[in-house]
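This report is written for a reader who meets the structure for the first time. Please keep the sequence and the model in view while reading.

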Amino acid sequence: MTNNKLQTIPKLIKLNVPIVDKEVAALKIGDEVLISGKIYTARDSAHKLFGNKPPFNPKGAILFYASPTPTPPGAIIGSIGPTTSTRMDSFTPNLLKMGIKITIGKGHRSPEVKAAIKKYKAVYMVVPGGVAAALSKYVKKSTIIAYPELGPEAVLELEVKDFPTIVAIDSKGNDLFEYGKKKYGT
Amino acid sequence: MREVLAEKISETVKALCIEANTSLSEDVLEAINHALAKEKSPTGRDILNQIIKNAQIARRDKLPLCQDTGLAVIFVELGQEVQIISRTLEAAVHEGVRQGYEAGYLRKSVTEDPIQRKNTGDNTPAILHVELVPGDKIKIGFLAKGGGAENCSAIRMFKPSSTKEEIEQFIIDTVEAAGPNACPPMIVGVGIGANFDGAALLAKKALCRKVGTHSSGFTPYQWEKELLEKINKLGIGPMGLGGTTTALAVNIEKRPCHISSLPVAVNIDCHSHRYKEATI
């Protein structure tokens, strides 16, 4: 549960892939984290196809719930931003068990996902929805690695540089949504 | 009769698809700037600043504001003195959406079948609402409706004896349940009256009213204002990370209804509210 005494000062942290488990476990809700390196995209249809074999090595991987707009000529990628994470909740505990350490999306996670985040010392991060033109500028390379038949829902390997995220659920199970709502609700 | 070529309608719809998806309306930008000046949470202010910066980049680079470029919802007010030449209005609208989503590099987010879920590949079919009006003009409204906020919408059939307070609680509860998933700060469209489908359509039309304007009908201006204040006290804040800006506007529309009914629909849109109009 969120503790109101948990008044940590949000930090700006740079996180490079491959990630160090200890660095992930030390992240706290509200921290702003700039991610550099390879991350993977997947949403509903791709999750259904994963089963126990995602098309990338899950150990220490970062999964971004997203599917971009088509790439305009001369660009690296179209607009890209998070989709609602809640829809992926039923798949997430199993993926964290397989070694995925960071999931990135928008919105709430279920109690089951929160428990799994705590158990596997993982972290859930959010990026704002509706700022996808700006976010596309942090993507340096984009490659389809699986399920091209899914069209916009294909799995992409993205090379990102200083991709800006906010820690929403940390490895202790603290939840920024609960904390923030309590702090500003009257 | 004034004759209008179907191709003219397709062209107009195509342009609206691209414009709405890449250029945030002034009324929405103004509301976000206004919210930024009042937002108490530093994270909230950071997100509002990102939204403003994103709008600038999208306009400059002609990039979609959001990767979810929506289901195309189109409102046509068709003058009764207009005759459409060469194909039907419906075919012309779908063709415009097809061309707009292709030429604008917009994401195609429509499934052929809701259960089998194969993508149609061209963002059609669009949702089309047609109203016959006097005159010889065609007014087209285009709303790119993202899935996240749409999924947070709700409808309830109240009893005629239900109180205004009960209705208000339902609206607030719907917003609270939506929370971060609807990409706040959101716009709340409320339809009260009509029937089951009528209330839902009213709520959607309410969303399309300019932010900061109030219904000229018998909707009490005061109620919209009060509801907005109450919603902004929930603490949900930008992207649900806590703050004092949860909604930018509450727009209520009402219609007469059956003596035994009181339908209330709440349709939610995200801050990336993409609605544009044109008249032929």
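## The loop between H6 and E7 of chain B

Pro185(B) lies in the loop that runs between helix H6 (164-178) and strand E7 (186-194) of chain B. In this model, which is predicted, the peptide bond leading from Pro184(B) to Pro185(B) is cis, and its omega is near 5°. Cys183(B) also belongs to the loop between H6 and E7 of chain B. Although Cys183(B) is not a glycine, its phi is positive, at about 55°. Cys183(B) counts as buried because it has 31 C-beta neighbours inside 10 Å.

Most residues other than glycine have a negative phi, and most peptide bonds are trans. Against that background, two further places deserve attention. A cis peptide bond, with omega about 0°, connects Val17(A) to Pro18(A). Pro18(A) sits in the loop between strand E1 (12-16) and helix H1 (21-25) of chain A.

In chain B, Ser86(B) is not a glycine, yet it has a positive phi of about 90°. Ser86(B) is located in the loop between strand E3 (82-85) and H4 of chain B. Is Ser86(B) buried or partly exposed? Ser86(B) is partly exposed, since 13 other C-beta atoms lie within 10 Å.

Met239(B) is placed in the loop between H8 and strand E8 (247-257) of chain B. With 37 other C-beta atoms within 10 Å, Met239(B) is buried. Once residues up to four places away in sequence are left out, Met239(B) touches Lys106(A), Val126(A), Pro128(A) and Gly129(A) of chain A, together with Ile47(B), Pro180(B), Cys183(B) and Pro184(B) of chain B. Met239(B) and Ala182(B) are separated by 57 residues in sequence, while their C-alpha atoms are 8.0 Å apart in space.

Thr69(A) occupies the loop between strand E3 (62-64) and helix H3 (92-97) of chain A. Thr69(A) is buried, having 28 other C-beta atoms within 10 Å. Not counting residues up to four places away in sequence, Thr69(A) touches Gly78(A) and Ser79(A) in chain A, and Pro64(B), Gln67(B), Thr69(B), Tyr105(B), Leu106(B) and Arg107(B) in chain B. From Thr69(A) to Lys181(A) there are 112 residues in sequence and 32 Å in space, C-alpha to C-alpha.

## The contact between the chains

How many residues does each chain bring to the contact? Chain A provides 39 residues and chain B provides 42 residues. On the side of chain A that touches chain B, helix H5 (132-135) and helix H6 (176-184) of chain A are the elements that give two or more residues. H6(A) gives the most to this side, with eight residues. By class, the side of chain A that touches chain B comprises 17 nonpolar, 18 polar and four charged residues.

## Helix packing in chain B

Two packed helices are described by the angle between their axes and the distance between the axes. Helix H1 (residues 6-22) and helix H4 (residues 89-103) of chain B pack at an angle of about 40°, and their axes are 7 Å apart. H1(B) and H4(B) are therefore oblique to each other, and their crossing is right-handed. The residues that make this contact include Ile9(B), Val13(B), Cys17(B) and Ile18(B) of H1(B), and Leu89(B), Val93(B), Val97(B) and Tyr101(B) of H4(B). The contact of H1(B) with H4(B) divides into 12 nonpolar, five polar and three charged residues.

H6(B) packs with helix H8 (residues 221-232) of chain B at an angle of about 40°, with the axes 10 Å apart. H6(B) and H8(B) are therefore oblique to each other, and H6(B) passes H8(B) in a right-handed crossing. Glu168(B), Ile171(B), Ile172(B) and Val175(B) of H6(B) meet Leu227(B), Lys230(B) and Ile231(B) of H8(B). The residues of this contact are five nonpolar, no polar and two charged.

## The largest nonpolar core

The largest nonpolar core has 131 residues. Those with the most contacts inside it are Val123(A), Met125(A), Ala168(A), Cys17(B), Phe142(B), Met186(B) and Val188(B). Strand E7 (residues 155-169) of chain A supplies the largest share of this core, nine residues.

Val188(B), with neighbours within four places in sequence set aside, is in contact with Ile171(B), Val175(B), Ile231(B), Ala247(B), Ala249(B), Val250(B), Val266(B) and Ile268(B). Among them, Ile171(B), Val175(B) and Ile231(B) also take part in the contact of H6(B) with H8(B).

Notes: Residues numbered from 1 in each chain as written. Chains lettered and ligands numbered in written order. Predicted model: local features only at pLDDT ≥ 70, side-chain atom pairs only at ≥ 80, totals over all residues. Contact = placed C-beta atoms within 7 Å. Helix = DSSP H or I, 4+ residues; strand = E, 2+ residues; numbered from the N terminus. Nonpolar A, V, L, I, M, F, W, Y, C, P; charged D, E, K, R; others polar. Axes fitted to C-alpha atoms, helices over the stretch in contact; angles between N-to-C directions. Parallel < 35°, antiparallel > 145°, perpendicular 65-115°, else oblique. Left-handed = near helix turned anticlockwise from the far one by under 90°. Buried ≥ 20, exposed ≤ 12 C-beta atoms within 10 Å, placed from the backbone. Core = buried A, V, L, I, M, F, W, Y, C linked by C-beta atoms within 7 Å.
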